[in-house]
Structures are given as C-alpha cells and as structure tokens.
Amino acid sequence: MILKSQVEWALHCCAILAGLPEGRYLSTKALAEFHGLPKEYLSKALQSLSQAGLVHTTLGPSGGYRLAKAPAELTFLDIVEAVEGKAQTFICNNIRANNPCRPLGYCESGPCAIALIMWEADEAWRQKLRSVRLSDLIETLSKDIPADLWKSSFEWVLERAG
C-alpha cells in the first residue's frame, strides 16, 4: 500500500498547528516554507483537512489554518482518512471464479480466505492509526527533537502566525 505524499504533509502540518496558541492561524505559505513544499500542492492537503472538519480556516492577512479540535481528540486515522478517504485498501474481484477447474455453476457462499486476511490486515492498520492521537505525536517529538531546535522551530512558527 502506498499512501499519497499529501498524507505525510497533512500529518506534519497538523503537528505544527497543534502548537499554535488559541486564536492564532498559520498560512499555507508559512507551512509550505517550513516543510520545503510547493504551496499549491500543500493547499490540496490542507483543503482535505478543512473539508473533513479537522482544521478551521480563515481568510485575510492574518488568516490561515488552525486545528478544529484539541490534539488529544485527533487521531492519525482521522488525518489519513481526510486525505485518502475511508475506502478499504483491498478490493476483492473474486478472481477465483475464473478457475477453469471449477464445476459449471459452482458458487462460493462467502468471501475467499485471501480477502478475509487482507480485510483483517486493513482493520488492524486502521486500529493502530486510530490508537495514536496527535497529542501522542507531540509528546514524542518534544522528547526526540533537540531542545534548541524545538524552541527555534516554535519561535519561527509564532513569528508567522496570524
């Protein structure tokens, strides 16, 4: 399974937005600059987050994006599904019906074992993403990123937040 690069972008942007003080917004331009991404492409990911109700947006010189919920209320799955959609990652086309050795008119009553395993794997993947909140990510990043880089990044963001 390969996810769109917009999923990575959306997760990183939400991590940055999680640190904004109440009432402050960060522009697409600032988010694109911070991550070294093309603004036009990043705006598609941000629009997906907005349409899913995960971020609030406002227009104007101090406009931009901010989280619509507290980081503890947003899961990785919320963000991934906002960008990728909620469709299952495996679609069974029942190719077993093409087996030339099958008796004429033979029909299975249920899904094949391959489909069942793939659907279970899809659900396990989603359950893992559902179990990780954005606040968990922020806690991990605050420990993993050197303190001076963490501080300078936060200051950079605050200087550009409207």
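Me: Before we start, what counts as a helix here, and what makes a residue part of a pocket lining?
Reply: Helices are DSSP runs of H or I with at least four residues, numbered from the N terminus. Lining residues have an atom within 4 Å of a pocket point. Keep in mind that this is a predicted model.

Me: Thanks! Which helices supply at least two residues each to the lining of the largest pocket?
Reply: Those are H1 (5-17), H2 (28-35), H6 (134-144) and H7 (147-160). H7 gives the largest share, five residues.

Me: How much space is in there, and which residues are closest to the centre?
Reply: The largest pocket holds about 380 Å³. Of its 17 lining residues, Ala15, Ile16, Leu141, Ile145 and Trp150 are the closest to the centre.

Me: And how does the lining split by class?
Reply: You'll find 13 nonpolar residues and four polar ones, with no charged residues.

Me: Back to H2, which of its residues are buried?
Reply: Thr28, Ala30, Leu31 and Ala32. They pack against H1, helix H3 (39-51), strand S2 (64-67) and H7.

Me: What comes after H2?
Reply: Gly36 follows, with a positive phi near 65°.

Me: New topic: Glu81. Where is it, and is it buried or exposed?
Reply: Glu81 sits in helix H4, residues 76-84. Glu81 counts as buried because its relative accessibility is 17%, and the cut-off for buried is under 20%.

Me: Which residues does Glu81 touch, leaving out those up to four places away in sequence?
Reply: With those left out, Glu81 touches Lys86 and Arg126.

Terms used. Residues are numbered from 1 along each chain as its sequence is written. This is a predicted model: local features need pLDDT of at least 70, side-chain atom pairs count only at pLDDT 80 or more; totals for chains, interfaces and linings use all residues. Side-chain values use heavy atoms; hydrogens and water are left out. On a 1 Å grid over the protein atoms alone, a cavity is a set of points where a 1.4 Å probe fits but cannot get out, and a pocket is an open set with protein on both sides within 12 Å along at least five of seven lines; lining residues have an atom within 4 Å of a point. Grid points are joined across faces, edges and corners, and a volume is the space filled by probe spheres set on the points. Ala, Val, Leu, Ile, Met, Phe, Trp, Tyr, Cys and Pro count as nonpolar, Asp, Glu, Lys and Arg as charged, and the others, Gly among them, as polar. Buried means under 20% relative accessible area, exposed over 50%, partly exposed in between (1.4 Å probe, protein chains only). Contact means heavy atoms within 4.5 Å.
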